[in-house]
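This report describes salt bridges and a strand arrangement in a single protein model. Please consult the sequence and the coordinates alongside the text.

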Amino acid sequence: RVVGAAVEEAEESGIPVILIQSDLENSQRSGYIGMNHREAGELAGMDMMDITGGNAHIGIIVSDSDDGGQRQRMEGFLSVINENKNMIVEETFESRSDRIRVRNLVSGMLQDNTRINAIFCADQTTADMLGDILQEEGYVCGLSGKWHLGKSSEPQKGFDHWFAHKSGGGPYYNAPFYRNGRLEREPDYVTDVITDDAIEFLREYAGREKPFYLQVGYTAPHAPWLHNHPEEYTRLYEDCPFESCPMEKEHPDSIYLTKEVMQDLRANQIGYYAAVTAMDAGIGRIIEELERLGVREDTLVIFSSDNGFSCGHHGFWGKGNGTFPINMYESSVKVPFIASQPGKIPVGVVNSSLVSAYDFMPTILEYVGVEHYETEGLPGRSFLDILMGGTQKITRPVVVFDEYGPNRMIRGER
């Protein structure tokens with residue numbers, strides 16, 4: 001999961017590994033969460049002294065994109081290590097440690113310098129993501145749209161093509177995007193801008209020697225809904241009764257968004273539906289482009305979301321943070337999941353098995369035939385059998401446990 005197989009290889013050879021803010025478990029791995037950076041480095045140094053008996057040749061891994069915290073962790077670590085002449089720093093290796101290739105760096109480090117018998121990762125190591133793994137498998141990976149998982153100004157997690165929204169949402173015109181490291185304002189309707197970039201990616205990479213992975217992150221249907229959507233979509237809902245989104249009696253814990261919407265409920269409903277329809281049109285354009293390029297039957301298309309939403313359900317507008325205290329209504333936590341590949345994925349099948357977003361990566365890796373990546377340590381499990389029209393192989397009770405701020409939720413099948 002973090003630094004992966006190379007860390008396990010080091011430990012199998014009896015080489016201790018110290019990681020900062022890691023979620024790895026077992027053996028000599030240590031994590032330091034809830035303290036300042038220098039203190040974390042000092043404690044890591046003391047642990048290294050204790051584990052090695054005060055006699056070690058150390059290899060240090062640092063990130064090439066330090067946010068200041070890494071420097072402080074290094075200072076704390078070295079302040080302890082340098083007090084003992086038998087603790088020797090052999091080499092310092094620079095890596096993008098948020099990428100899967102750090103595993104190769106660790107393996108190479110141990111092969112090239114056989115004196116190294118301890119490793120300190122000064123960077124805050126993070127878990128491999130799908131883009132990391134697919135890039136290592138020879139895929140060209142592209143992002144068009146919303147990232148919202150940290151730094152958006154430069155490519156992350158294995159992506160080669162990077163057209164990223166600066167944040168997670170906002171106005172639908174003059175939206176801020178990073179392209180090739182430069183922040184630009186896109187004057188056109190943001191849903192069309194994201195779709196256009198995705199199609200450009202397909203035209204450049206689809207059907208070529210390398211397979212591709214394209215992640216299209218629409219900001220729709222986030223607010224604002226008033227005066228932000230093309231008339232060709234808003235006029236479709238001028239006479240809509242919005243029966244699927246009844247505005248129930250206002251929730252006592254609703255926050256500002258509900259109160260803003262209620263100032264002109266119908267106009268906001270029209271805007272929300274228009275945002276969804278515009279996104280639907282954009283997805284249609286992407287699928288049409290796959291067909292035009294002759295790769296539709298070779299391409300798995302998945303539609304999903306990162307959260308649910310209440311449009312008047314339970315008496316509020318928003319998701320989990322649409323109330324305070326926050327909520328875990330099903331309309332907040334359930335998301336759509338649609339998968340399509342002609343000739344491979346059964347058509348028209350609806351399955352009610354309980355699966356989680358955690359299951360997405362193991363499923364995709366199994367689908368595309370990545371067999372060597374270790375998924376046993378991941379919280380999710382592949383649901384490929386369900387995707388292919390079969391039944392879920394259940395060897396233990398299936399529940400979803402979730403935490404959001406101070407709230408906890410557990411849900412089983414019903």
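**Glu 330 and Arg 411**

Glu 330 has a relative accessibility of 27% and therefore counts as partly exposed; on this scale, buried means under 20% relative accessible area, exposed means over 50%, and partly exposed lies in between (1.4 Å probe, protein chains only). Its partner in a salt bridge is Arg 411, with the closest N and O atoms 2.5 Å apart. The term salt bridge denotes a side-chain nitrogen of Lys or Arg within 4 Å of a carboxyl oxygen of Asp or Glu. Because Glu 330 lies in helix H10 (residues 330-333) and Arg 411 in strand E15 (residues 407-412), the pair ties together parts that are 81 residues apart in sequence. Arg 411 is buried, at 18% relative accessible area.

Helices (H or I, at least four residues) and strands (E, at least two) are DSSP runs, numbered from the N terminus. The model is predicted: local features need pLDDT of at least 70, side-chain atom pairs count only at pLDDT 80 or more, and totals for chains, interfaces and linings use all residues. Residues are numbered from 1 along each chain as its sequence is written, and side-chain values use heavy atoms, with hydrogens and water left out.

**Further salt bridges**

The whole structure contains 15 salt bridges. One of them joins the side chains of Asp 132 and Lys 157, at 3.1 Å from N to O. Asp 132 belongs to helix H5 (residues 130-136) and Lys 157 to the loop between strand E5 (140-145) and strand E6 (161-165), so this pair ties together parts that are 25 residues apart in sequence. Asp 132 is buried, at 0% relative accessibility, and Lys 157 is likewise buried, at 6%.

Arg 203 and Glu 289 form another salt bridge, their closest N and O atoms being 3.0 Å apart. This pair links distant parts of the chain, with Arg 203 in helix H6 (residues 190-205) and Glu 289 in helix H9 (residues 265-292), 86 residues apart. Arg 203 is partly exposed, at 48% relative accessibility, whereas Glu 289 is buried, at 5%.

**An open mixed sheet**

An open sheet of 5 strands runs in the order E8-E7-E6-E5-E9, with mixed pairing. Two strands pair if DSSP finds at least two bridges between them. Strand E8 (182-186) and strand E9 (212-217) are the edge strands, each pairing on one side only.

Within the sheet, E6 and strand E7 (residues 175-179) pair in the antiparallel sense over 3 bridges. Ala 164 stands opposite Tyr 178 in E7.
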